[in-house]
Number of protein chains: 2
Amino acid sequence: VQLTDLTVHDGIVQRRFTLDAAEPVPGVVWTPVEPAGDLPLVLIAHGGGAHKLHPGVAARATCYVTECGFAAAAIDAPGHGDRPSAVWRDRWAAVLADPATEGQPMSVRIAPYHARLAAQAVPEWQAALDMLLAVDGIGGPVGFWGLSQGAAIGIPLVVSEPRIVAAVFGLIGGPDVLETATRITVPVEFDLQWDDELVPREDGLALFDAFGSADKSLHANPGSHVDMPRFEVESSVRFFGRHLRG
Amino acid sequence: VQLTDLTVHDGIVQRRFTLDAAEPVPGVVWTPVEPAGDLPLVLIAHGGGAHKLHPGVAARATCYVTECGFAAAAIDAPGHGDRPSAVWRDRWAAVLADPATEGQPMSVRIAPYHARLAAQAVPEWQAALDMLLAVDGIGGPVGFWGLSQGAAIGIPLVVSEPRIVAAVFGLIGGPDVLETATRITVPVEFDLQWDDELVPREDGLALFDAFGSADKSLHANPGSHVDMPRFEVESSVRFFGRHLRG
């Protein structure tokens, strides 16, 4: 793996990489221009329809680098960003066209699609982690951030990846992730939108309840699936600061 | 009103005062040694059984002064601290001995006691606010922090006191405060303990739902009524920072 396409902006170094795999996985890693020792790392999993350089992802990475002094990294999920999308578009269309789940909450309808996506994305994230922890100046510990589709990938990832010691999840619920969440024991911050039109409130609350972590914190705010207030980015900065700083 | 008994500790000036009233109300105000202009002010209402100089109150005031550069103030609730306690002790004993509410959640049993306490404490806080905003160097805007008994006083106080522009409440629920909370429209941070043995979880969630505020944020953590994690103090520092800073 080679780090390429280096850019520097506002004191942050951004480098691209591509993981070798049956289907290559493009990613980005951000580090401070002047890193202090071996850096903790935050993995950022974008939401459905977004990608590794989505403005929200890049802005979040900037916060973790400039406010925490950490490294941050993102990869394209299967079917997203610079990756082939046709197969996943068809699968997504099949979700919407499935008469068996019509009228059910979107979080229920999308669960099989999410599970399939996660089955491919979890080993990709683990390969990315192998690579990132070999980058000069990045040493861990490692945190994970992902909401909605990012949480659908992140919850099974954190269960199977002992190098991740703290995670922010949210905007998700339902039986599939709920069962998996019981096996998570690292500190969790869980973001819930009180009026989420895609995830029933009770399912989000039940998922928070299900996490096996002794240290877990629910943050709920009014508004729809996409209306999470900006101050929750700041809250995650402090959460990762508490758990990733030595 | 005179400010007396000035002490300086760790860059913080602490002064006592006593409000003239049918029953005098003792209080404390904390300010930075070197205040920057007219300061915002955070009112801190202690919980049941505590008082204006309880270690938790003083530590919280220290955070608001040193981290925000704000002023902070606390008064003894009726029957607490340096105030006559016999009458309130009897009323509290009557709550515990009331066979009509035996077996109900403590938040339900205590509601009439809380309502009586709030009826006396709300005008006392308003008199304290008149006095504090006349202190040289304190200019507002004003925030309020109070959990449990502090919230039982604070919710009706904030409804009737337009000078308070942001509030942190928590550890409370039930029909009395729920109806009052619908009339609150200022930003609210609401702290809930997920395993609160005194307040049923559903009552806390219903109260969060009831606040009329467009900007409200629920923070829920595992543990009992008294186990709120220390990082929620930090969270309130940032909440007041967002809403009280000009």
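Where in chain A is the place of Ser148(A)? Select Ser148(A) and you will land in the loop between strand 6 (138–146) and helix 5 (149–160) of chain A. Before going on, please keep in mind that this is a predicted model.

**Stop 1: around Ser148(A)**

Is Ser148(A) buried or exposed? Ser148(A) counts as buried, at 17% relative accessibility. Now show what surrounds this serine. Setting aside residues up to four places away in sequence, Ser148(A) touches His114(A), Gly170(A), Leu171(A), Ile172(A) and His225(A).

**Stop 2: the two chains together**

Zoom out and colour the two chains separately. The same surface serves both copies, as 100% of the contact residues of chain A recur in chain B.

**Stop 3: the interface**

Next, select the residues where the chains meet. How many residues of chain A are in contact with chain B? There are 18 residues of chain A in contact with 18 residues of chain B. Between the two chains, about 1600 Å² of area is buried, and carbon and sulfur atoms give 56% of it.

The rule finds 2 salt bridges across the interface of chain A and chain B. For a salt bridge between the chains, select Arg201(A) and Asp209(B), whose closest N and O atoms are 3.5 Å apart. This pair crosses from helix 7 (residues 201–210) of chain A to helix 7 (residues 201–210) of chain B. Arg201(A) counts as partly exposed at 26% relative accessibility, and Asp209(B) counts as partly exposed at 36%.

**Stop 4: salt bridges within a chain**

Side chains of opposite charge can pair when their charged atoms come close. Over all chains, the count comes to 20 salt bridges. Select Asp76(A) and Lys52(A) to see a salt bridge with an N to O distance of 2.9 Å. The two residues are 24 residues apart and link distant parts of the chain. Asp76(A) sits in the loop between strand 5 (71–75) and helix 2 (86–97) of chain A, while Lys52(A) sits in the loop between strand 4 (39–45) and helix 1 (55–68) of that chain. Asp76(A) and Lys52(A) are both buried.

Now move to chain B and pick Arg83(B) with Glu23(B). They form a salt bridge, with the closest N and O atoms 2.8 Å apart. This pair also links distant parts of its chain, 60 residues apart. Look for Arg83(B) in the loop between strand 5 (71–75) and helix 2 (86–97) of chain B, and for Glu23(B) in the loop between strand 2 (12–19) and strand 3 (25–32). Arg83(B) counts as buried at 4% relative accessibility, whereas Glu23(B) is partly exposed, with a relative accessible area of 24%. Over in chain A, salt bridges that share partners join Glu23(A), Arg83(A) and Glu124(A) into one network.

**Stop 5: the nonpolar core**

In soluble globular proteins, nonpolar side chains tend to be buried together. Here the largest nonpolar core has 106 residues. Which of its members touch the most other members? Select Ile155(A), Phe169(A), Phe190(A), Leu43(B), Ile155(B), Phe169(B) and Phe190(B) to see them. Then centre the view on Leu43(B). Leaving aside neighbours within four places in sequence, Leu43(B) is in contact with Ala73(B), Trp125(B), Leu129(B), Leu132(B), Val142(B), Gly143(B), Phe144(B), Trp145(B) and Ile164(B).

**Stop 6: the cysteines**

Finish with the cysteines. How many disulfides are there over all chains? The count comes to 0. Cys68(A) is in no disulfide, and the nearest cysteine sulfur, that of Cys63(A), is 8.3 Å away. Cys68(A) is buried, with a relative accessible area of 10%. Cys68(B) is buried, with a relative accessible area of 10%.

Key: Residues numbered from 1 in each chain as written. Chains lettered and ligands numbered in written order. Predicted model: local features only at pLDDT ≥ 70, side-chain atom pairs only at ≥ 80, totals over all residues. Heavy atoms only, no water. Contact = heavy atoms within 4.5 Å. Disulfide = S-S within 2.5 Å. Buried < 20%, exposed > 50% of the residue type's maximum accessible area, 1.4 Å probe, protein only. Core = buried A, V, L, I, M, F, W, Y, C linked by side-chain atoms within 4.5 Å. Salt bridge = Lys/Arg side-chain N within 4 Å of Asp/Glu carboxyl O. Helix = DSSP H or I, 4+ residues; strand = E, 2+ residues; numbered from the N terminus. Buried area = accessible area lost by both parts, 1.4 Å probe.
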